[in-house]
Protein chains: 2
Amino acid sequence: MDHLTRQLDFIAEAGRLRGVLRHTVLTDLPPLGESTAAGGSGGAAGGSARRENSAEHSWHLAVMALALADHAPAGTNIATVVAMLTLHDLVEVDAGDLSAHAPAAEQERQHLAEQAAADRLYGLLPAGQGAELRRLWDEFEERVTPEARFARALDRLQPILQDVRAGGRAWRAQGVTADQVAEKVQLIEDGSPSLGEFARRLVEQAVADGILAAG
Amino acid sequence: MDHLTRQLDFIAEAGRLRGVLRHTVLTDLPPLGESTAAGGSGGAAGGSARRENSAEHSWHLAVMALALADHAPAGTNIATVVAMLTLHDLVEVDAGDLSAHAPAAEQERQHLAEQAAADRLYGLLPAGQGAELRRLWDEFEERVTPEARFARALDRLQPILQDVRAGGRAWRAQGVTADQVAEKVQLIEDGSPSLGEFARRLVEQAVADGILAAG
């Protein structure tokens, strides 16, 4: 198949990520006509709410990498972080989104489904290029380099910021408690000590405000 | 105000781009419960359709930059292109999206609104950082560097690809003809000769297929 045709196939398949819905609830956006997601009484200030999709989530993380660059350890290549975050959820086109709070057995099944998805999706590209972009995703998953650890920290911080803004709606819908969120904070600290400390205070405040269950 | 607080304000304001709807129609995504946008009879194969928002559009362009990197002139810094595309529509948070086919007077009003939006939004960040990211947006707008010209080429190519996939639905809804699309193709050629040639053939095919009005 033609070189450009393969690249365009990859781009079209990637575009389906705009249809993968996350558990995070966005509030205060203009109405899309979508019914209010993740019910629960109370919640954030009125206005429409809808679930976030994985494409716009990935974009918001890239913005965060640019805006929070000085919270990465010295020497971290932010351009690599931005590229990594752009691609980090692509496998969800096939594997779907799993809540970060899902049980371990589900996480393991998800891991296998994502590996198969990466084989298929990056395999659409011309060989050398597919391998190069796949390596960036593998690097993100392995979480060894400073770039991958900072990217992962942002990926954990973003839903906490959104959940606080949404008045804890997604947390209540999933029955998530402060202990579970604290586990995610460890991943944030691992990639960025200053953002980790901030996230820890944010979670304490959410419990104090009654929008996140203690325990 | 605290350094991190300013950065988080910028990130939260940027997040509103997820609520800015473009004229491009996405097809074949899982239903979001949104009513079918940009009516018109015929159109793409059944299934749900909704308008694209500017955040997921920006993300898709960043994916395109990574997947089509070898269509940029030699020496183009693709990491800069990805960062530029991540930020290129941020001003729409205040200024909204204007169709690329709007009349010149509207384009001029939009230009002024976007400058004011950039002042406000990049002004939320700590000063040095705000100026740095603003420069990246100015560079995109000025379209002088190879990075900006390649970024702009992708920004013009993506809606054409989407409009073809949607069976010309957005073109019909806006009364767009082949001549108007051909003007956009010139901007694609300017940033990438090989993508420009491809886009020209795509537009000819769309006319031949009866999904884009000649003239």
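Trainee: Among contacts in chain A between residues at least 6 apart in sequence, what share joins residues at least 24 apart?
Mentor: That share is 73%. Two residues count as in contact if their C-beta atoms, placed from the backbone, lie within 7 Å. Keep in mind that this is a predicted model, where local features need pLDDT of at least 70 and side-chain atom pairs count only at pLDDT 80 or more, while totals for chains, interfaces and linings use all residues. Residues are numbered from 1 along each chain as its sequence is written, and chains are lettered from A and ligands numbered from 1 in the order in which they are written.

Trainee: OK. How many helices and strands does chain A have?
Mentor: Chain A has 10 helices and two strands. Both kinds are DSSP runs numbered from the N terminus: helices are H or I with at least four residues, strands are E with at least two. Read from the N terminus, the order is α-β-β-α-α-α-α-α-α-α-α-α.

Trainee: Give me an example. Is A:His23 buried or exposed?
Mentor: A:His23 is buried, because 21 other C-beta atoms lie within 10 Å. A:His23 belongs to strand S1 (residues 21-27) of chain A.

Trainee: Which residues is A:His23 in contact with?
Mentor: Leaving aside neighbours within four places in sequence, the contacts of A:His23 are A:Ser99, A:Ala170 and A:Gln174.

Trainee: What about the nonpolar core? Which residues touch the most other members?
Mentor: In the largest nonpolar core, which has 114 residues, they are A:Ala65, A:Leu154, B:Ala65 and B:Leu154. Such a core is a set of buried Ala, Val, Leu, Ile, Met, Phe, Trp, Tyr and Cys residues joined through C-beta atoms within 7 Å. Not counting residues up to four places away in sequence, A:Leu154 touches A:Leu61, A:Met64, A:Ala65, A:Leu68 and A:Leu85.

Trainee: Switching topic: how many residues does each chain give to the contact between A and B?
Mentor: Chain A gives 35 residues and chain B gives 35 residues. On the side of chain A that touches chain B, helix H1 (3-15), helix H2 (54-67) and helix H3 (78-87) are the elements giving two or more residues. H2(A) has the largest share, with 10 residues.

Trainee: What classes of residue are on that side of chain A?
Mentor: There are 22 nonpolar, nine polar and four charged residues. Ala, Val, Leu, Ile, Met, Phe, Trp, Tyr, Cys and Pro count as nonpolar, Asp, Glu, Lys and Arg as charged, and the others, Gly among them, as polar.

Trainee: What rotation superposes chain A on chain B?
Mentor: A rotation of 180° with 0.0 Å of shift along its axis does so, with an RMSD of 0.0 Å. That is the relation of a two-fold axis.

Trainee: What is the phi of A:Arg143?
Mentor: Phi is near 50°, a positive value in a residue other than glycine. A:Arg143 is in the loop between helix H6 (127-142) and helix H7 (146-165) of chain A. A:Arg143 is partly exposed, with 15 other C-beta atoms within 10 Å.

Trainee: Last one: what is the mean pLDDT of chain A?
Mentor: The mean is 90, and 91% of the residues reach 70 or more. Over residues 32-46 of chain A the pLDDT is below 50, and this stretch has 34 contacts in the model beyond near neighbours in sequence. pLDDT is the predictor's confidence in each residue, from 0 to 100. Where pLDDT is low, the predicted coordinates should not be read in detail. For the complex, the predictor gives an ipTM of 0.90 and a pTM of 0.91.

Conventions: Buried ≥ 20, exposed ≤ 12 C-beta atoms within 10 Å, placed from the backbone. Least-squares fit on C-alpha atoms with pLDDT ≥ 70 in both.
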